[in-house]
Amino acid sequence: MKDKFMAKILDEIIPARTAKAYELRRGQSIRVIEVEGLQVADLNIYSSEDHAEHFSAAATRRLQGIYLSTGGELWSNPGRDRVMLRIIEDTVAHSPGRRGTHGHSMIFPRCTEFLYRLWGNTEGHPSCQDSLARSIASYGLTADDTHDSFTLFQKAGVDEDGRQFVEESDAKQGDYVEFLAEMDCIVNISACPADDSAGPTLATTNGGYPKPLGIHIYEHTG
């Protein structure tokens, strides 16, 4: 959605292997940008009024499918059942992969230190779980309040035997996804730290090495 009455109110970088939380008011939008090339972003979302209301990957899959693009809605947990964010622009030139894989998925869970030990025999590796937990601590939330993510730019699917797999994403440098806030919310974003040490399952996630993400927030005045 192009809007000539957009005013940029924030322009910053999330460094590679870190996360940051942003407060959005209803009607504002947030743009997540590939500033250096392929880099996956894991999103958690919470209602500003009640942090117990949060994004639900399962509820969103039920209503929207397992991949989202322009027009897609991110829904809150069952019992709350509200649209939290809506995708208003997606510049990725998506090309369906094996078994119909597509970017921006709700299939693969956020990475944890456990997965790096299991798949890559790597101790102490940074993870989206730990980064997301640190960035919401100032809101009185803990690691137990993190939840399954909407994974931007990741191209993941389910194989014939029911196992998940990841393909190289179609996202390129300069691509972005922009979300319009449908409620006052906190958007917690991790620049995924997956790299070649993660083993073959995660090695393609960020094109081999982690990169920063660009973040713009806009006020829509008309």
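Predicted model: local features only at pLDDT ≥ 70, side-chain atom pairs only at ≥ 80, totals over all residues.

Most residues other than glycine have a negative phi.

A second case is R17, located in the loop that connects β1 (6–14) with β2, where the phi of this non-glycine residue is again positive, at about 70 degrees. The relative accessibility of R17 is 38%, and R17 therefore counts as partly exposed, since that class lies between the 20% limit for buried and the 50% limit for exposed residues.

## The four-stranded sheet

Four strands make up an open sheet, arranged in the order β2-β11-β4-β7 with antiparallel pairing. Because β2 (19–24) and β7 (150–152) stand at the edges and each has a single partner strand, one side of each is left without a neighbour in the sheet. From one strand to the next, the twist averages 25 degrees.

The partner of β2 is β11 (residues 185–191), and the two pair in the antiparallel sense over six bridges; within this pairing, K20 stands opposite I189 in β11. Helix α3 (residues 128–135) lies across β2, β4 (41–47) and β11, and its direction makes an angle of about 140 degrees with β11.

## A buried glutamate

E34 belongs to the loop between β3 (29–33) and β4. Although E34 is buried, it has no salt bridge, and the nearest side chain of opposite charge, that of K211, is 7.4 Å away, whereas a salt bridge would call for a side-chain nitrogen of Lys or Arg within 4 Å of a carboxyl oxygen.

When neighbours within four places in sequence are left aside, the residues in contact with E34 are Q39, F153, A171, K172, Q173, G174, D175 and L213.

## The chain as a whole

The protein chain contains four helices and 12 strands, and its C-alpha trace spans about 50 × 40 × 35 Å along the principal axes. For 222 residues, a compact globule would have a radius of gyration near 17 Å, so the 16 Å of the protein chain agrees with that expectation.

Of the 222 residues, 55% count as buried. Where contacts join residues at least 6 apart in sequence, 75% of them link residues at least 24 apart.

How values were computed
Residues numbered from 1 in each chain as written. Heavy atoms only, no water. Pairing = 2+ DSSP bridges. Axes fitted to C-alpha atoms, helices over the stretch in contact; angles between N-to-C directions. Contact = heavy atoms within 4.5 Å. Buried < 20%, exposed > 50% of the residue type's maximum accessible area, 1.4 Å probe, protein only. Lys, Arg positive; Asp, Glu negative; His and termini not counted. Rg over C-alpha atoms; globule rule 2.2 N^0.38 Å.
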